[in-house]
Amino acid sequence: MVTGSPQETNLQEKLQDEAIAKIRTNSEYWGFVLKLFKACALRTSGRSMSFTTARAGVFSLFVDVLELRGESGFELREEGRRQRIIWTDRQILRKLRQEIKEFLSELAKLSTVIADETHATQREILLCLLYLAIGSWSEPRDNYHLEFAFPRILPADLIKAVFSELGLNFKTIDRQSARVLYLKDGREIGDYLLLTGCTSSYLFYQQLRVEKEVKNRVNRIVNCDSANADRMATASARQFRAIEEIKKRRGLDFLPEKLRLTAELRLANPGLSLAELGAKFEPPLGKSGVNHRLKKIEELAENL
């Protein structure tokens, strides 16, 4: 799933295309791909195991790998926009369960090995396959969100250990019938993309991320300036009313000389900040000094 601008959608497509190309061009890892696919992506329902996707390129990839690796006993079905690979034969299902059990034992040992640079290609294949099979990407208003929805708990926990060895701090949540691992930190999502070896997607993501951060920073500055302007306008209006009240009731000569001068400058310059108002004194007066005098004027107005 992806939401947002066409640029963000292009990132989804770019990552998918790069990940598919990486798996297709590394056929020596297809045995590993199949084991990982079966262990992490197949969903058990009644007397069947299946994989369903709406991504045509992803479906085609896994069908090709299954066929070229000599797998059999599966059916291909179309369900509206979604396509399914499904196994229903009891004997084959028993075989699948045994294969998955054996691979999960291997995966438990893999977490410390996969971080080694000598296994960089295998690591890239693992990360690419997970994204294609069970990954999704969404772009909310403020933060990116990358997640993997595992049909079963054990592979999710084992893969989380692999992620941890790679320095990726995935969080866990259980949603309906899936255990979900997710990242919301923009920097860590960038690290994940870099580790996939999908360089073009990584660079494109970093460009989007920088643009987003710049926009957010500008918005924060504008909002802060707006809030400061509101506060300054409110304070200035309050001071202006206090001075007018004194002027009406007693006249400005009622004030001590320093306060009278301050009152006259404020009446003549209602829109200036405290610092700008202080610069008009001879010699210039600091912001805190101006503020102190205006507070005294407001107190006198209240007493009147």
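In the predicted model, G135 has F148 in β6 as its bridge partner. Strand β5 and strand β6 (residues 145-150) run antiparallel and are joined by four bridges. Helix α5 packs on the sheet and touches β5 and β6, and the direction of α5 makes about 80 degrees with that of β6. Helix α7 (residues 186-196) also packs on the sheet, where α7 touches β5, β6 and β8 (178-183). The direction of α7 makes about 65 degrees with that of β6.

The sheet is open and consists of four strands in the order β5-β6-β8-β7, with antiparallel pairing. Its edges are formed by β5 (135-138) and β7 (171-175), each of which pairs on one side only. On average, and with direction ignored, neighbouring strands of the sheet are turned by 25 degrees against each other.

Helix α5 (residues 120-134) also takes part in helix-helix contacts, one of them with α2 (residues 30-41). The axes of α2 and α5 come within 10 Å and cross at roughly 40 degrees, and α2 is therefore oblique to α5. The crossing of these two helices, α2 and α5, is right-handed. On the α2 side, the contact involves F32, V33, L36, F37, C40 and A41; on the α5 side, it involves Q122, I125, L126, L129, L130, A133 and I134. By class, the residues in the contact of α2 with α5 are 12 nonpolar, one polar and no charged.

A further contact of α5 is with helix α3 (residues 56-68), the two axes coming within 10 Å and crossing at roughly 120 degrees. This angle makes α3 oblique to α5. The crossing in which α3 passes α5 is left-handed. Residues V58, L61 and F62 of α3 meet L129, L132 and A133 of α5. The contact of α3 with α5 has six nonpolar residues, no polar and no charged ones. L129 and A133 of α5 meet residues of α2 and also residues of α3.

For the chain as a whole, the model contains 11 helices and eight strands. The radius of gyration is 33 Å, well over the 19 Å that the globule rule gives for 304 residues, so the chain is more spread out than a compact globule. Taken along the principal axes, the box filled by the C-alpha atoms of the chain is roughly 105 × 40 × 35 Å.

Methods:
Residues are numbered from 1 along each chain as its sequence is written. This is a predicted model: local features need pLDDT of at least 70, side-chain atom pairs count only at pLDDT 80 or more; totals for chains, interfaces and linings use all residues. Side-chain values use heavy atoms; hydrogens and water are left out. Axes are lines fitted to C-alpha atoms, for helices over the stretch in contact, and angles run from 0 to 180 degrees between N-to-C directions. Angles under 35 degrees count as roughly parallel, over 145 as roughly antiparallel, 65 to 115 as roughly perpendicular and the rest as oblique. A crossing is left-handed if the near helix is turned anticlockwise from the far one by less than a right angle, and right-handed if clockwise. Contact means heavy atoms within 4.5 Å. Ala, Val, Leu, Ile, Met, Phe, Trp, Tyr, Cys and Pro count as nonpolar, Asp, Glu, Lys and Arg as charged, and the others, Gly among them, as polar. Two strands pair if DSSP finds at least two bridges between them. The radius of gyration is taken over C-alpha atoms; the globule rule is 2.2 Å times the number of residues to the power 0.38.
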